[in-house]
Amino acid sequence: MAYQVQHSALVRLGKSHYLLELGESVLALLGAGLAYVALGQTEQAVQVFTTVVASNADNKYRATNQRLEAAHYHLGRIYREQGKLDQSINELRKALAINR
């Protein structure tokens, strides 16, 4: 059973906005999150990475899910940059716990 979500992203590049239809792919969501980080749009990145985490809540294979690991890792990095150290540590610990 695939754990996928519908999502679209509004990305701003310079003065233009682009609507990205990401469909049902969690991999596309991770890519969008990384694009938001690269563009400095960290609040949108947090929303996307949080969506990836939430979409795996009932996934019985979540303990070995590398995409879930990546989402926690990137959330940890964003929170560290925002000075939210407790949240950062929590997310990074969750990332480290996957695939142990």
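**Exercise 1.** Determine what share of the contacts between residues at least 6 apart in sequence joins residues at least 24 apart.

*Solution.* Take a contact to mean heavy atoms within 4.5 Å. Among the contacts in the protein between residues at least 6 apart in sequence, 41% link residues at least 24 apart. This is a predicted model, in which local features need pLDDT of at least 70 and side-chain atom pairs count only at pLDDT 80 or more, whereas totals for chains, interfaces and linings use all residues. Residues are numbered from 1 along each chain as its sequence is written, and side-chain values use heavy atoms, with hydrogens and water left out.

**Exercise 2.** List the secondary structure elements in order from the N terminus.

*Solution.* Helices (H or I, at least four residues) and strands (E, at least two) are DSSP runs, numbered from the N terminus. The protein has 4 helices and 2 strands, and their order is β-β-α-α-α-α.

**Exercise 3.** Find which elements build the largest nonpolar core, and which residues have the most contacts inside it.

*Solution.* Begin with burial, where buried means under 20% relative accessible area, exposed over 50% and partly exposed in between, with a 1.4 Å probe and protein chains only; 32% of the 100 residues are buried. A nonpolar core is a set of buried Ala, Val, Leu, Ile, Met, Phe, Trp, Tyr and Cys residues joined through side-chain atoms within 4.5 Å. The largest such core has 16 residues, and Phe 49, Val 52, Ala 71 and Leu 75 have the most contacts inside it. Two or more residues come from each of helix H1 (26-38), helix H2 (42-55) and helix H3 (66-81), with H2 giving the most, 6 residues. Next, leaving aside residues up to four places away in sequence, Phe 49 touches Leu 30, Gly 33, Leu 34, Val 37, Ala 71, His 74, Leu 75 and Ile 78. The buried residues of H2 include Ala 45, Val 46 and Phe 49.

**Exercise 4.** Are Ala 35 and Arg 100 buried, partly exposed or exposed?

*Solution.* Ala 35 belongs to helix H1 and is partly exposed, because its relative accessible area is 30%. Its C-alpha atom is separated by 8.0 Å from that of Ala 45, 10 residues apart along the chain. Arg 100, in the segment after helix H4 (85-97), counts as exposed because its relative accessibility is 80%. Arg 100 and Thr 64 are 36 residues apart in sequence, yet their C-alpha atoms are 8.0 Å apart in space.
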